[in-house]
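I opened a notebook for this structure and wrote down what I looked up. The entries follow in the order in which I made them.

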Amino acid sequence: MEKENHRNSPIAINKEDFREIGYRLIDTLSNFYETINERPVTIGETPKQIQAILGNASMPENGTSVSELVIKTTDLLLNHSLLNGHPKFFGYITSSPTQIGALADLLAAAINPNVGANILSPMATSIEKQTVKWLAEFIGVSPNYGGLLVSGGNMANFTGFLAARTAKAPKSIKEEGLANASGEMVFYCSKATHTWIEKAAVLFGHGTKAIRWIPTLADNTMNTDILEKTIMDDEQQGKNPFLVIGNAGDVSTGVVDNLSKIASICKAHNLWFHIDGAYGVPAAAIPQYKELFDGIQEADSIALDPHKWLYAPLEAGCTLVKNPQHLIDTYSAHPVYYNFDSSADEPSLNYYEYGFQNSRGFRALKVWMALQQAGKNGYIKMIHEDIELAQQLFEEAQKHEELEAVTQNLSITALRYIPLNYVREEGMDETYLNTLNEKLLNELQQHGEVFLSNAVVEDKYCLRACIVNFRTSKNDIREVVEIIVREGRKVYEKLQKR
Ligand SMILES: *Cc1c(COP(=O)(O)O)cnc(C)c1O
């Protein structure tokens, strides 16, 4: 019977059902985490097979039982997903997700604060502010950096890119647009920079020709001599340089640019210094690696991805800005329909003024809770161990006569398979080896025992392992070496038979 003060909404769940279904889901997920290493990383179903399982019914006319719906959906996802929480998942830069993150997302969704405005999210706004401060402290920059959580590395870099432009462009750019800039606005990054920079150039009206791709040295870091020379050439030609991007862990091989050198060039030429640390910057917290990141305190802005090396479930990126006023200058607007400014002596922090989004979810919670669960030392331990596992993989490849260890930086190792009786060095058919390793990668990805991705290093097609995975053990690495060699032999034989 419907009580008079209760509306019978088709989407509401009563207390008993919510409780029972919720407990059952948590039970299922506990078992899932417990046995994840016994499952394949992926069963390699094709989109067609997946479509057949899902069916192509139209949207249902009428509702369905919540209990059945949750059971059915859990089955679809548990049994037909690629499991990046698997201890042998090392693909791209996608981390194993924390369980605390799953609980935090549930809690955040249940309370549903809109973290666009302080008045709509008093506690959540303060928690996000604290998360941003903790992230700054963790990577070793001043806690006075401000910023916000965003959906990922692309958005974190975009957010910094536009803050840089506002800071360095003529003040009238907001009204006049780019056309009014006193010369073409150009920006600098190494060849190893992630594709976000091309998206930014296209989306924000500069065009890809405004990107100055600086060559890299043999160690894959930006050639800073060429950087400085290119800036001076542009200045002489009346261009308007405004931004240099340094990589702190490039996406392909994990190399950290010479950040202090880039910082001093930026200072000398009055340019904004942005660090793309989406993947690698958490390694700056490790005492043994701190030096590698020297110069990080000079950055005007930094992008980092808690959904990579801090193991947050997707999505969580973060932009840190040395002087957060640049974010407000870039993103703030004051429409008449907002009544958000509480009092003049204590202006409230409204995150809609800090970035692209207006209504915003509570991404910060899963990061904030995980940082506390593990603590600074816990995170240092996990990140350091990931690096050691990548080193172990590199060393085992060096020792193995059928493997070539190619690069290892931070927690990324690139290697390739070379058949035993294959003539090394002299007369090595690189094209053939590239084909062989590409086929091997495809086999491995389909097979589901291990998930690797690829890197192309000096024209060598490599298998690439990026370990941002707190579930991986030394034994997993040993087994992965065996799997690569075993499957490598098979692919080699197959290629010969043709
Ligand atoms: C992953 C990555 C990005 C892109 O981040 P998303 O979260 O995938 O948007 C950008 N730069 C670097 C260096 C990265 O590693």
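**Entry 1: Cys189**

I began with the contacts of Cys189, where contact means heavy atoms within 4.5 Å. Leaving aside neighbours within four places in sequence, I found Cys189 in contact with Ile197, Ile211, Arg212, Trp213, Ile214, Met222 and Ile245. For Ile214 I also looked up the spacing: Cys189 and Ile214 are 25 residues apart in sequence, and their C-alpha atoms are 5.8 Å apart in space. Cys189 sits in strand β2, residues 185–190. I noted how elements are named: helices (H or I, at least four residues) and strands (E, at least two) are DSSP runs, numbered from the N terminus. Cys189 counts as buried because its relative accessibility is 0%. The classes are buried for under 20% relative accessible area, exposed for over 50%, and partly exposed in between, with a 1.4 Å probe and protein chains only.

**Entry 2: what kind of model this is**

This is a predicted model, in which local features need pLDDT of at least 70 and side-chain atom pairs count only at pLDDT 80 or more, while totals for chains, interfaces and linings use all residues. Residues are numbered from 1 along each chain as its sequence is written, and side-chain values use heavy atoms, with hydrogens and water left out.

**Entry 3: the whole chain**

I listed 14 helices and eleven strands in the chain. The radius of gyration, taken over C-alpha atoms, is compared with a globule rule of 2.2 Å times the number of residues to the power 0.38. For 498 residues a compact globule would have a value near 23 Å, and the 25 Å of the chain agrees with that. Along the principal axes, the C-alpha atoms fill a box of roughly 75 × 75 × 45 Å. Buried residues are 49% of the 498 in the chain. Of the contacts with a separation of 6 or more, 71% are between residues 24 or more positions apart.

I then took the surface, using the Shrake-Rupley method with a 1.4 Å probe; for residues, only the protein chains shown count as cover. The accessible surface of the chain is about 25100 Å², and carbon and sulfur atoms hold 52% of it.

For charge I counted 46 positive and 61 negative side chains, with the centres of the two sets 1 Å apart. Lys and Arg count as positive and Asp and Glu as negative, while His and the chain ends are not counted. Each charge is placed at NZ of Lys, CZ of Arg, CG of Asp or CD of Glu.

**Entry 4: cysteines**

How many disulfides does a search of the whole structure find? The search finds zero, with a disulfide taken as a pair of cysteine sulfur atoms within 2.5 Å. The closest cysteine sulfur to that of Cys318 is in Cys466, 19 Å away, so the distance is too far for a bond. Cys462 is in no disulfide either, and its nearest cysteine sulfur, that of Cys466, is 15 Å away. Cys318 is buried at a relative accessible area of 0%, and Cys462 is buried at 0% relative accessibility.

**Entry 5: backbone exceptions**

Most residues other than glycine have a negative phi, and most peptide bonds are trans. I looked for exceptions. Leu314 and Glu315 are joined by a cis peptide bond, with omega about 0°. Glu315 lies in the loop between β6 (301–304) and β7 (317–321).

Asn270 is not a glycine but has a positive phi of about 55°. Asn270 is in the loop between α10 (259–269) and β5 (272–276), and is exposed at 54% relative accessibility. Asp459 has a positive phi too, near 65°. Its loop runs between β10 (453–457) and β11 (460–466), and Asp459 is exposed with a relative accessible area of 64%.

**Entry 6: two loop residues**

Is Thr98 buried or exposed? Thr98 is buried, with a relative accessible area of 9%. Thr98 is in the loop between α3 (66–79) and α4 (99–111). Beyond neighbours within four places in sequence, Thr98 contacts Tyr33, Leu310, Tyr311, Pro313 and Phe470.

Ile119 is in the loop between α4 and α5 (122–139) and is exposed, at 55% relative accessible area. Not counting residues up to four places away in sequence, Ile119 touches Asn339 and Phe340. Ile119 and Phe340 are 221 residues apart along the chain, with their C-alpha atoms separated by 6.5 Å.
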